[in-house]
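Colleague: Could you show me how to read a protein fold, step by step?
Modeller: Gladly; let us look at one together.

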Amino acid sequence: MTKTVLTVDDSRTMRDMLLMALEDAGYRVIQAVDGVDGLEVLAANGADIIITDINMPRMDGFGVIEGVRADPNHRHTPVLVLTTESDAEKKARARAAGATGWIVKPFDPVKLVDAVRRVAA
């Protein structure tokens, strides 16, 4: 069965790069343009794994993680944070909110797919 990955990022370029890397690895990819859209897309479609940016308009990645963890249907869905941020405080905040892992942009497609495979297992 093909796993579905929801990508939440306000950058079209980043969404396109994620789409290519993940589809090439055999994943079904659904996309959202910010945190509010991300939670709506998740509610409508579901997802096996979520990859979210931190810095976005309307709702940031912390809000996405908290929203996912508050939803009984997705409480255990792995959430990877993909961001330019490498600040220890932000990493700790993401972990406290319920993030599963942290990937710094720009990402290596092979390492990204490896991380997705690990959390999807």
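Predicted model: local features only at pLDDT ≥ 70, side-chain atom pairs only at ≥ 80, totals over all residues.

Colleague: Thanks! What is the order of the strands in the open sheet?

Modeller: First, the general idea: strands of a sheet pair through backbone hydrogen bonds, either parallel or antiparallel. Here, 5 strands form an open sheet in the order E2-E1-E3-E4-E5, and the pairing is parallel. At the edges are strand E2 (28–32) and strand E5 (101–104), each of which pairs on one side only. From one strand to the next, the twist averages 20°.

Colleague: How many bridges join E1 and E2?

Modeller: E1 and E2 pair in the parallel sense over 5 bridges. To see this pairing in the model, find Leu6, which stands opposite Ile30 in E2. E1 also pairs with E3, again in the parallel sense, over 4 bridges. In that pairing, Thr7 has Ile51 of E3 as its bridge partner.

Colleague: And how many bridges are there between E3 and E4?

Modeller: Strand E3 (residues 49–52) pairs with E4 in the parallel sense over 3 bridges. Look for Ile51 again: Ile51 stands opposite Leu80 in E4.

Colleague: Next topic: faces of a strand. Which residues of E4 are on one side and which on the other?

Modeller: Val79, Val81 and Thr83 are on one side of E4, with Leu80 and Leu82 on the other. Both faces are covered, and these residues are all buried. Counted another way, 5 of the 5 residues of E4 are buried.

Colleague: Could we zoom in on one residue? Is Val81 buried or exposed?

Modeller: A residue counts as buried when its relative accessible area is under 20%. Val81, found in strand E4 (residues 79–83), has a relative accessible area of 0%, so Val81 is buried.

Colleague: Which residues is Val81 in contact with, leaving aside its neighbours within four places in sequence?

Modeller: With those neighbours left aside, Val81 is in contact with Thr52, Ile54, Ile65, Ala94, Ala99, Gly101, Trp102 and Ile103. Take Ile103: Val81 and Ile103 are 22 residues apart in sequence, while their C-alpha atoms are 6.0 Å apart in space.

Colleague: What about Thr4: is Thr4 buried or exposed?

Modeller: Thr4 lies in strand E1 (residues 4–8). The relative accessible area of Thr4 is 8%, so Thr4 is buried. Leaving aside neighbours within four places in sequence, the contacts of Thr4 are with Arg28, Ile30, Gly46, Ala47, Asp48 and Ile49.

Colleague: Now the helices, please. At what angle do the axes of H3 and H4 cross?

Modeller: For a helix pair, look at the distance between the axes, the angle and the residues that meet. The axes of helix H3 (residues 61–70) and helix H4 (residues 88–97) come within 9 Å and cross at roughly 15°. Angles under 35 degrees count as roughly parallel, so H3 and H4 are roughly parallel to each other. The crossing of H3 past H4 is right-handed. Phe62, Ile65, Glu66 and Arg69 in H3 meet Lys90, Arg93, Ala94 and Ala97 in H4. By class, this contact of H3 with H4 has 4 nonpolar, no polar and 4 charged residues.

Colleague: Which residues of H2 and H3 meet?

Modeller: Gly35, Leu39 and Leu42 in H2 meet Gly63, Val64, Gly67 and Val68 in H3. That contact of H2 with H3 divides into 4 nonpolar, 3 polar and no charged residues. The axes of helix H2 (residues 35–45) and H3 come within 9 Å and cross at roughly 25°, so H2 and H3 are roughly parallel to each other. Their crossing is right-handed.

Colleague: One more pair: at what angle do H1 and H5 pack?

Modeller: Helix H1 (residues 12–24) and helix H5 (residues 109–120) pack at an angle of about 65°, with their axes 10 Å apart. H1 passes H5 in a right-handed crossing. Leu18, Ala21 and Leu22 of H1 and Pro109, Leu112, Val113 and Val116 of H5 make the contact. By class, the contact of H1 with H5 has 7 nonpolar, no polar and no charged residues.

Methods: Residues numbered from 1 in each chain as written. Heavy atoms only, no water. Axes fitted to C-alpha atoms, helices over the stretch in contact; angles between N-to-C directions. Helix = DSSP H or I, 4+ residues; strand = E, 2+ residues; numbered from the N terminus. Parallel < 35°, antiparallel > 145°, perpendicular 65-115°, else oblique. Left-handed = near helix turned anticlockwise from the far one by under 90°. Contact = heavy atoms within 4.5 Å. Nonpolar A, V, L, I, M, F, W, Y, C, P; charged D, E, K, R; others polar. Buried < 20%, exposed > 50% of the residue type's maximum accessible area, 1.4 Å probe, protein only. Pairing = 2+ DSSP bridges.
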